[in-house]
Amino acid sequence: MTLFDDIYPFYPLQRSSFLFSGRLITIILVFLLLAASLLIILPGIRGKSRLFWMIRIVTSLFIGAVLVALNYTDDWAEARMTTNATYKSFSDAVVNADIGLHIGLYGINVTLKGNPIVQFNETIDYNEMFSWHDTIEEEYEEALEKGLPNPILYIAEKFTISNPCGLIFQYRYSGRYASATLWTAFCCWILANILFSMPVILYAGYMMMATAAFIFFAMASFSTIMNAPQCVFSIGSDSFEAQYSHSFWLALATGLLCTIIGVLVTLLHFLIPEKMKEAFSVGVDSYEDEDVSYGEGYLNAVFLDGVTISPLSSKVREEQI
């Protein structure tokens with residue numbers, strides 16, 4: 001191993017940190033395009049219904065985008081600390097840095113940012129992903145070969161199968177079931193939107209409550225990791241533990257929103273069913289036709305042979321005579 005322009009081994013070039021998930025950008029763009037295409041029809045809606053439709057479209061797409069995005073976010077649980085730690089293997093250099101652990105449903109994200117960023121003629125700004133689709137062992141071995149900083153290697157090693165903490169088993173299985181229930185909630189959301197466009201508003205409300213139920217099931221699945229003995233991460237003279245983070249609370253808020261929508265739709269359907277149908281522009285029939293007079297009618301006597309005529313048809317018989 002050699003030095004490259006005063007840069008610590010093993011990187012020939014300085015690295016740039018990860019900024020934003022490409023999957024999340026794709027999800028956001030897709031739902032923004034859907035929102036834009038659906039909002040184009042608003043000028044054709046008259047009266048107060050325009051505001052109702054706008055709120056309905058934005059709220060529905062927000063719920064759908066959250067359900068998909070939660071599968072790919074990496075901050076269901078996280079932990080942060082600022083400490084002095086050894087930087088690289090085979091070196092006594094100590095750096096002061098912010099260390100972060102971000103846990104998602106499919107893997108972890110470990111960040112390391114120096115204070116200041118430039119130390120020892122190197123930019124200390126790392127953001128490394130480790131997924132556990134099959135096993136994290138291979139990615140950990142690649143990290144060793146790359147010569148990643150010691151704090152990143154230490155945290156990643158805690159999630160390997162051979163580590164006595166057993167974090168990989170806790171997070172991988174809880175994340176797998178949480179992801180499955182979130183996709184089920186997404187399917188319920190699609191069915192709810194279809195039912196809202198049909199004269200079955202009550203069942204649409206039921207599906208929104210089912211969407212909320214599966215979101216809460218996903219949260220419960222991920223929460224099982226907190227019941228297991230927590231593994232303490234000790235780096236330098238400090239330590240930290242992972243706690244619930246933004247995605248977990250966003251899932252809770254979305255579940256409560258779906259619950260409120262489902263309960264309101266169900267209650268209003270029983271209290272004011274006709275107004276609900278009118279608000280959603282479905283099942284609105286005009287009852288004025290019941291009072292419309294079609295004028296006098298005439299019957300052909302040829303077709304009345306052998307037919308018993310009720311007294312109500314006497315007026316018609318007189319007209320025929």
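Predicted model: local features only at pLDDT ≥ 70, side-chain atom pairs only at ≥ 80, totals over all residues.
1. Start with the overall strand order. Five strands make up an open sheet, arranged β4-β3-β2-β1-β7. Their pairing is antiparallel. Strands of a sheet pair through backbone hydrogen bonds, either parallel or antiparallel.

2. **The edges of the sheet.** Which strands stand at the edges? They are β4 and β7, the latter covering 243–244. Each has a single partner strand, so one side of each lacks a neighbour in the sheet.

3. **β2 and β3.** Strand β2 spans residues 94–103, and strand β3 spans residues 107–119. The two pair in the antiparallel sense over seven bridges. A hairpin of three residues links β2 to β3. Leu-101 sits opposite Val-110 in β3. His-102 sits opposite Asn-109 in β3.

4. **β3 and β4.** Strand β4 covers residues 122–131. How many bridges join β3 to β4? There are nine, and the two strands run antiparallel. Val-110, which faces Leu-101, also stands opposite Glu-128 in β4.

5. **The turn between β3 and β4.** These two strands form a hairpin with two residues between them. Look at Phe-120 in the turn: its phi is positive, about 55°.

6. **The salt bridge.** The count comes to one salt bridge. Its partners are Arg-80 and Glu-78. Their closest N and O atoms are 4.0 Å apart, and the cut-off for a salt bridge is within 4 Å. Side chains of opposite charge can pair when their charged atoms come close.

7. **Cover on the two partners.** Is Arg-80 buried or exposed? Arg-80 counts as exposed because its relative accessibility is 57%, where exposed means over 50%. Glu-78 has a relative accessible area of 16%, so Glu-78 is buried; the limit for that class is under 20%.

8. How many disulfides does a search of the whole structure find? It finds zero. Cys-188 is in no disulfide, and its nearest cysteine sulfur, that of Cys-187, lies 7.0 Å away. Cys-258 is in no disulfide either; the nearest cysteine sulfur there belongs to Cys-188, at 9.9 Å. A disulfide would need the two sulfur atoms within 2.5 Å.

9. **Cover on the cysteines.** Cys-188 is buried, because its relative accessible area is 8%. Cys-258 is buried too, with a relative accessible area of 0%.

10. Val-263 has 33% relative accessibility, so Val-263 counts as partly exposed. Leu-264 has 48% and therefore also counts as partly exposed. Gly-205 lies 59 residues away along the chain, yet the C-alpha atoms of Leu-264 and Gly-205 are separated by 7.8 Å.

Conventions: Residues numbered from 1 in each chain as written. Heavy atoms only, no water. Buried < 20%, exposed > 50% of the residue type's maximum accessible area, 1.4 Å probe, protein only. Pairing = 2+ DSSP bridges. Helix = DSSP H or I, 4+ residues; strand = E, 2+ residues; numbered from the N terminus. Salt bridge = Lys/Arg side-chain N within 4 Å of Asp/Glu carboxyl O.
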